[in-house]
Amino acid sequence: MSINLTGITKTFGSYQALRGVSLQIEKGQFLALLGPSGSGKTTLLRILAGLDFPDSGHLIFDGTDVQHISARDRRVGFVFQHYALFRHMTVAENIAFGLKVRPRGERPNKSVIADRVNELLRLVQLEQFGGRYPTQLSGGQRQRIALARALAIEPKVLLLDEPFGALDAKVRKDLRRWLRQLHDEMGLTSIFVTHDQEEALELADYVAVMSEGRIEQIGTPDQVYHNPATPFVFEFLGHANRLTCRIANGKAAIGDVEMTAQLPGDSKPGDGVAFVRPHDIALQPPGTSQALPSRIRYMFTAGPGVRVELERLDNGEILIADLAHEQVQKGGFEIGQPVAAQLTQITVFPAP
Ligand SMILES: Nc1ncnc2c1ncn2[C@@H]1O[C@H](COP(=O)(O)OP(=O)(O)OP(=O)(O)O)[C@@H](O)[C@H]1O
């Protein structure tokens, strides 16, 4: 099912939670809504589900305005982190729930429901768990059952609000890969809310980055990561070094050094803000041209690499660089050592 949102606004009291959100999702796409706490992700998802209503704007599913169509009739399945399973029902009863509450004329008969439940239990790889109660399952198993319950109604759209938020990192990673596979196999259109950038970039076809009730940018993971439209998007998608600069001669002057950079569209001369990812800093011998004279202030092992804190000698600002262990060994780098920080990829925005 394709989804088209235009100009959606939502106010709670005097607080504007959504400030004109427009979004287009094609059938079969997997979209991640990514943003910090309070940016409006859940509010938007609830409006899509029909659990809440916008103050203005249009909500079109497959060409039909669904604003006044109830949640039940929208054929939308949802899984929320805190939308717990019914504790007094077995796993099988939980999955069957959405079918059993259908109006009499539309309700499948008992044996059809039982077959569907078994099929879904197989799909979420928990065949032998139908008779258990939710408290007898692990967190990851519970979320798989919540997903089976959402899929029971054969939704055309699947909405997920941080469904794996409470699970540990390993289970979370396994489940999200599995979810992506399920989405592809079932031909669903899915919208997934997360504040975890790694999860969004790994899972989705498109990522909509939200801030303060607006969409800052929408694009493929590659587009938002490599061509962020705003400083907010750059900083939200991973650690970023932020440096003041001047835009001149088609380059960015940082301190006294003119460097090649990705400049804003018009690249008008003036003050700018330069952003550099930690893995886009290379350490060179002191005195190297086109690099910032610095000193290694601190180093520590960070997962597969080494995180290096550099202090610029010209203004004392701190830069964070991520290097491979081999680079550190080969360079013989030590705390206190003078170096030159070469910025290999710089993205510049006009100064605010
Ligand atoms: N029912 C409500 N009444 C009043 N304010 C609300 C209500 N629901 C949401 N808000 C406010 O609207 C804003 C957006 O909330 P929302 O839950 O959509 O954010 P979010 O991006 O999903 O955040 P999180 O990642 O923390 O879940 C927040 O400031 C929140 O306090």
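How far apart do the C-alpha centres of domain 1 and domain 2 lie?

Modeller: Happy to! This is a predicted model, where local features need pLDDT of at least 70, side-chain atom pairs count only at pLDDT 80 or more, and totals for chains, interfaces and linings use all residues. Residues are numbered from 1 along each chain as its sequence is written. The C-alpha centres of domain 1 and domain 2 lie 40 Å apart. Domain 1 covers 3-235 and domain 2 covers 239-350, bounds that come from an automatic or database domain assignment. Where they touch, four residues of domain 1 are in contact (C-beta atoms, placed from the backbone, within 7 Å) with five residues of domain 2. On the domain 1 side, three of the touching residues are nonpolar, none is polar and one is charged; Ala, Val, Leu, Ile, Met, Phe, Trp, Tyr, Cys and Pro count as nonpolar, Asp, Glu, Lys and Arg as charged, and the others, Gly among them, as polar.

Now for a pair of helices (DSSP runs of H or I, at least four residues). Helix α2 (residues 91-100) packs against helix α4 (residues 139-151) at an angle of about 30°, and their axes are 7 Å apart; axes are lines fitted to C-alpha atoms over the stretch in contact, and angles run from 0 to 180 degrees between N-to-C directions. α2 and α4 are therefore roughly parallel to each other, a label for angles under 35 degrees. From α2, Val91, Asn94, Ile95, Phe97 and Gly98 meet Ile145, Ala148 and Arg149 of α4. That contact between α2 and α4 has five nonpolar, two polar and one charged residues.

Definitions and conventions. Two residues are in contact if their C-beta atoms, placed from the backbone, lie within 7 Å. Helices (H or I, at least four residues) and strands (E, at least two) are DSSP runs, numbered from the N terminus. Angles under 35 degrees count as roughly parallel, over 145 as roughly antiparallel, 65 to 115 as roughly perpendicular and the rest as oblique.
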